[in-house]
Amino acid sequence: MASFSIRAARPEDCPDLLRLIKELAKYEDMEDQVVLTEKELLEDGFGEHPFYHCLVAEVPKDQWSSEAEVTPFVSETCVVGFAMYYFTYDPWIGKLLYLEDFYVMAEYRGLGIGSEILKNLSQVAVKCRCSSMHFLVAEWNEPSIRFYKRRGASDLSTEEGWRLFKIDKEYLLKMAAEE
């Protein structure tokens with residue numbers, strides 16, 4: 001069994017974070033939608049007022065999978081997974097931890113890394129007195145749905161009938177300019 005550790009992301013992890021974000025997007029067949037840069041990741045996550053927080057999973061370099069495409073190493077470890085999250089507020093129940101993205105490289109799944117990341121996120125949520133953790137899962141992603149349900153997650157789309165909407169930047173700009 002591979003040894004691994006979970007820790008808070010650091011500024012020097014931005015190249016690995018972007019690599020994993022792109023890998024997740026490829027898995028979700030949405031590769032062309034990643035426009036974020038390392039510079040933006042750095043500024044947005046490690047500035048004076050971070051917009052996100054992140055945990056990373058790393059393995060020692062001697063346990064790297066030969067199939068894994070990793071950033072050339074400058075340390076003794078390789079980042080193989082991440083969870084990007086932030087805090088938000090629900091006027092009915094209070095503080096929430098929102099899990100924006102969560103990914104473990106295919107070569108490292110089944111080793112308990114995802115479970116350990118989720119455990120660490122749960123500890124963060126409890127420490128910050130959050131009422132719950134929210135996240136989205138693609139309807140087709142049955143392995144992830146099963147992973148979360150085994151850990152007590154509720155599917156709000158079927159249980160409460162909520163729908164997710166978004167307003168793209170084009171329309172935000174249009175509305176913001178209205179007189």
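A residue is called buried when its relative accessible area is under 20%, exposed when that area is over 50%, and partly exposed in between (1.4 Å probe, protein chains only). The structure described here is a predicted model, in which local features need pLDDT of at least 70, side-chain atom pairs count only at pLDDT 80 or more, and totals for chains, interfaces and linings use all residues. Residues are numbered from 1 along each chain as its sequence is written, and side-chain values use heavy atoms, with hydrogens and water left out.

Side chains of opposite charge can pair when their charged atoms come close. A salt bridge is counted where a side-chain nitrogen of Lys or Arg lies within 4 Å of a carboxyl oxygen of Asp or Glu, and the whole structure holds 6 of them. One joins Arg7 to Asp13, with 2.7 Å between the closest N and O atoms. Both Arg7 and Asp13 are buried, and together with Glu58 they form a network of salt bridges.

Other pairs have more open surroundings to look at. Glu12 and Arg10 meet at 2.9 Å, N to O; Glu12 is exposed, at 51% relative accessible area, while Arg10 is partly exposed, at 37%. A further salt bridge, at 2.7 Å from N to O, links Lys39 with Glu43. These two residues both belong to helix α2 and sit 4 residues apart, about one turn of the helix. Lys39 is exposed at 56% relative accessibility, and Glu43 is partly exposed at 45%. Helices (H or I, at least four residues) and strands (E, at least two) are DSSP runs, numbered from the N terminus.

Next comes the interior. In soluble globular proteins, nonpolar side chains tend to be buried together. A nonpolar core is a set of buried Ala, Val, Leu, Ile, Met, Phe, Trp, Tyr and Cys residues joined through side-chain atoms within 4.5 Å. The largest such core here has 37 residues, and Phe82, Ile117 and Leu121 have the most contacts inside it. At least two residues each come from α1 (14-27), β2 (53-60), β3 (77-90), β4 (94-104), α3 (113-127) and α4 (142-150), with β3 giving the largest share, 7 residues. Beyond its neighbours within four places in sequence, Ile117 is in contact (heavy atoms within 4.5 Å) with Ile6, Leu55, Ala57, Gly81, Phe82, Ala83, Phe102 and Val104.

Finally, there are the pockets. On a 1 Å grid over the protein atoms alone, a pocket is an open set of points where a 1.4 Å probe fits, with protein on both sides within 12 Å along at least five of seven lines; lining residues have an atom within 4 Å of a point. Grid points are joined across faces, edges and corners, and a volume is the space filled by probe spheres set on the points. The largest pocket has a volume of about 1,900 Å³. Its lining has 46 residues, and those closest to the centre are Leu24, Glu28, Glu100, Asp101 and Phe102. Strand β4 provides the largest share of this lining, 7 residues. By class, the lining has 31 nonpolar, 7 polar and 8 charged residues (Ala, Val, Leu, Ile, Met, Phe, Trp, Tyr, Cys and Pro count as nonpolar, Asp, Glu, Lys and Arg as charged, and the others, Gly among them, as polar).

The second largest pocket has a volume of about 1,600 Å³. Of its 39 lining residues, His134, Phe135, Leu136, Ser154 and Leu156 are the closest to its centre.
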